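Open your viewer and get ready to click along with this tour. At each stop you will be told what to select and what is there.

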Amino acid sequence: MTLAQDASTDTDPVPEGHVRLTIDGRVIDAPKGELLIRTCERLGIIVPRFCDHPLLDPAGACRQCLVEVEMGGRPMPKPQASCTMTVADGMVVKTQHTSPVAEKAQAGVMELLLINHPLDCPICDKGGECPLQNQAMTSGRTDSRFTETKRTFPKPLPISSQVLLDRERCVLCQRCTRFSEEIAGDPFIELLERGAEQQVGVADDKPFQSYFSGNTIQICPVGALTSAAYRFRSRPFDLRSTPGVGEHDSGGGAIRVDTRRGTVLRRLAGNDPEVNEEWIDDRTRFAFRYLSSAGRITRPMVRGADGVLAETSWTDALAVAAQGLAAAKEGGIGVLAGGRLTVEDAYAYAKFARVAAGTNDVDFRARPHSAEELDFLAGHVVGQGPEVLSYTRLEAAPAVLCVALEPEEEAPLVFLRLHKAVRKHGQQVFHLGQWTTPAVERTSRGTGAASPAAKDNLIPAVPGAEAAVLAALPSHVVDALRGGGLGGGGVVLVGERAAEVPGLYSAVSALAARTGAVVGWVPRRAGDRGALEAGAVPTLLPGGRPVGDARARAEVEALWQLPSGSLPSLPGRGTAEILTAAADGELAALVVGGVDPYDLADPAAAITALREVGFLVSLEMHTSAVTELADVVLPVAPDAHRAGSYVNWEGRRRPFEPALDASGVLPDCRVLDTLAVEMDVDLFTQTPAAAAGELERLGARTGAAPAAPAVPAGEPRRPASPGQAVLATWRQLVDHASLSVDEPALAGTARPALVRVNAATAERLGLTEGAPATVRTARGMITLPVALTDLPDGVVWLPGNSGDSRVRALLGAGHGDLVEVTA
Amino acid sequence: MFEFFKGFGVTFSTMFKKVVTEEYPENFPPAAPRYHGRHQLNRHPDGLEKCVGCELCAWACPADAIYVEGGDNTDEERYSPGERYGAVYQINYLRCIGCGLCIEACPTRSLTMTNFYEMADDDRQNLIYTKEQLMAPLLPGMEQPPHPMRLGDSELDYYVQGPSLEKVDVTAVAAEAGR
């Protein structure tokens, strides 16, 4: 923060758009519309406050920031709240430092706030980092004049499984209700009752099931909102804090990791105005128990002659792995990196495949994918940084179109920006999707589900027909993306689900060319974008260099100190093709990072391939379907124990340092480096810093971007019989994700798993709302209650991996496939 | 010459004074009533622990002699009334200076000091007292935790009626409640 310069004399002209006022005898110029409390801050005068928050609208709820104000030579009759009053020309302000009136007023408010506040600071979670405690200690009375019995409420009141409310401590500053209303847009909590009985509460039938509820705990200026996971675990002065980066999604949100006695106790949102401002989603905040879950692998394991995995030493495990891989090199090695890697690890996988395995068969995409997607990424995404499209640019855009992307579920930080832009700048957000999801509703400019505006911003498409719909967008959407005829300005965000719809990436590319809109690729996993940059893809070397380009290969060979022409020049295979090849015996060995076979398009085929392949090396944190079949399992370090960096969807590097002791566990890049050394090649990726340094020296490609894909739009599948429907599906934020394990309080805030169909389809299929319906394929079935939603006719929606709905594992089907639906 | 007898006079007169020598360990006199001896973790009258694992004693300790880890009570496994209990409790008597600040800090009167002072050992490890060593013995009517709350429905009943509960026959109350 820069301190304001005092205006030197009264004779200087007041700058355009500014006013001149006096605060505590100092003359200052402030921009028009600035809040008095901010002007004081810039002068270094701290006015005490509770309800004021720079990212929330002014409320004037706590009255702690009273100051004396004089306008036009006449003092205002009563002290004024400086957090709601804007500056004006000629204003004379006296804060508590110079005005006995303001000081007395503030002391009175403090005494009032403390009347019913319990004296339980020693056992309160907030004690030690509590604004109320701090201000009571610095400027409150030393003794209390209040002798009556304090008002009490039953406590704690769980307003969700994650957030507990202690109403006695609440000072009614309304930060939490304002956050829910203004930032998250899901006002589950509200002020109830009046007078002394006034309290924060939820509706009886609607608990606080917000994906952002954790932020209210963090901004609560007293200990009224506490988290079930952290309650009574520690005090602020016990904790050691390390800045970190969210590892659950591609948003790259800044977090603060608080540890004590070698365990992570809580995570808070960091303050990064460029990225996440001061907010994070609940999964990033609460899902860290995977660090200590029962499934964590801490010792290397080798499958013995008896077919049982047994713990062994690192030297033994690496020797066995290297021997097996060296023997399999003739037959071919495939590398599946997975989408949870830091950019350094992904680089190590990419280099391991090229140098140690001698192949381009490396892919990070542990999800349905397509060749069209690779072309799109090579043409539009790789190498682009936040200078092209950032959160700031996204917020400033007049119109945004989300294609095959459910922002709140897949990229919550993107959703928060879109919501902010809609609210503050009137941004138009269109969604090419299937139904009016909560995110569609809350990014509409109207209010409520019933308002026509909510429907306006959904562009419905039958799964599989998205590309055709995109090619024939309504003219008002195209105009909006053009920026109202000003040329450009709009933004198209495309999610990873687009790979399941043939022709959709091509259609996005064509739309961008047609409207001048900027394209952003928002994957769901934190590692996807970094792995793309690091070259863990079959057609691209690090820095987005095409493998087919001899000059690009020569650049990489020079830096890797390889003989000329030693890098494989044929494009490699994608994840699905690698697994098919492994099942058919075309590949003799697989090296698999953090891949869950049940995320892939065909889990059964993936499991078969993993079982059939001659030699399987798994680098994992937790036991999984892959480690069960692996010949060698090498444990890798979770983020809390290592340094590294992610590349978020903007293309921004998000480095982090280890929050816990980094000894005893090895990151992927170190494991791969040691494994390669055993195989007689050196990757020089012993540490994340070394890997990052080398990737930095490689730089970006020098040639032009390859042409965007031009795949014709696919036709959606047509139901063959009346009992069939087209499946629409995507994953919800809080679900059975492998990193969300062991967190029951968080799981309690998950959205319910429901089968969604529209009323007409329900009638045709004989379904009734609330009654169970069964969705069936040849592989299996899922039975869930029905909810009537505004889906297109003949479409049924299931959450990807929530509750009993594990679509890929149980049905073997995906977005756009045909399913049987019965009551 | 007079100086000579004067000196012996002191010696002689001492023979008629009260002997201050303590015949320890043959004779084991009690310490002063409020002597800062070994700590004790107290129990509610039904045997539930008073410690709530708040760690304030550890924070008050100027010698960093106390180590506490709290744990969660569940309805199946309850050690104290309320939400939390002290799962791990250690006092390192190599460090303890007997100042008693921990006693002042304790919000539930769980931690108090006894008159017991024989805490010498030739093994440093033995001087780190664990929770089992520090817990007060089970008096008649007390039951070894974990067990449900016998004297009320919530922790408030234990704290608000604490003084009166101390005086009543616990077994009778529990029997009356039909638990």
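## Chain B as a whole

Select chain B and think about its contacts: among those with a separation of 6 or more, 73% join residues 24 or more positions apart. Keep in mind as you go that this is a predicted model.

Now colour chain B by secondary structure. There are seven helices and five strands here, and reading along the sequence gives the pattern α-β-α-β-β-α-β-β-α-α-α-α. Is chain B spread out, or is it a compact globule? Its radius of gyration is 23 Å, well over the 16 Å that the globule rule gives for 179 residues, so chain B is more spread out than a compact globule.

Of the 179 residues, 39% are buried. If you colour by charge, look for 16 positive and 27 negative charges, whose mean positions are 7 Å apart.

## Two cis peptide bonds in chain B

Zoom in on B:Y24 and B:P25. The peptide bond from one to the other is cis, with omega near 10°. You will find B:P25 in the loop between α1 (2-14) and β1 (39-41) of chain B.

Then move to B:P145 and B:P146, which are also joined by a cis peptide bond, this time with omega of about 5°. B:P146 sits in the loop between α4 (131-134) and α5 (155-160) of chain B.

## Two annotated stretches of chain A

Switch to chain A and select residues 101-140. An unreviewed UniProt entry annotates them as "domain: 4Fe-4S His(Cys)3-ligated-type". This stretch is 60% helix and 0% strand, and its end C-alpha atoms are 16 Å apart.

Now select residues 239-295 of chain A, listed by UniProt (unreviewed entry) as "domain: 4Fe-4S Mo/W bis-MGD-type". Here the make-up is 9% helix and 35% strand, with 26 Å between the end C-alpha atoms.

Stay at A:L239, in the loop between β11 (225-227) and β12 (240-245) of chain A. Is A:L239 buried or exposed? With a relative accessibility of 13%, A:L239 counts as buried, since the cut-off for buried is under 20%. Among the residues that A:L239 touches are A:Y230, A:D258 and A:R266.

## Helix α23 of chain A

Select residues 668-678 of chain A, which form helix α23; the buried residues in this helix include A:C669, A:V671, A:L672 and A:L675. What do the buried residues of α23(A) pack against? Their partners in chain A include the helices α7 (314-328), α8 (343-356) and α24 (688-698), along with the strand β26 (589-594). Just after α23(A), stop at A:D680, where phi is positive, at about 75°.

Find A:D24 in the loop between β1 (18-23) and β2 (26-31) of chain A. Its phi is near 50°, a positive value in a residue other than glycine. A:D24 is buried, with a relative accessible area of 17%.

Finish at A:Q174, in the loop between β8 (163-165) and α4 (175-184) of chain A. A:Q174 is not a glycine, yet it has a positive phi of about 70°. At 25% relative accessibility, A:Q174 counts as partly exposed.

Notes: Residues are numbered from 1 along each chain as its sequence is written. Chains are lettered from A and ligands numbered from 1 in the order in which they are written. This is a predicted model: local features need pLDDT of at least 70, side-chain atom pairs count only at pLDDT 80 or more; totals for chains, interfaces and linings use all residues. Side-chain values use heavy atoms; hydrogens and water are left out. UniProt positions are given in the numbering used here, feature names are shortened, and annotations may be inferred rather than shown by experiment. Helices (H or I, at least four residues) and strands (E, at least two) are DSSP runs, numbered from the N terminus. Buried means under 20% relative accessible area, exposed over 50%, partly exposed in between (1.4 Å probe, protein chains only). Contact means heavy atoms within 4.5 Å. The radius of gyration is taken over C-alpha atoms; the globule rule is 2.2 Å times the number of residues to the power 0.38. Lys and Arg count as positive and Asp and Glu as negative; His and the chain ends are not counted. The place of a charge is taken as NZ of Lys, CZ of Arg, CG of Asp or CD of Glu. Lists of a residue's contacts leave out its neighbours within four places in sequence.
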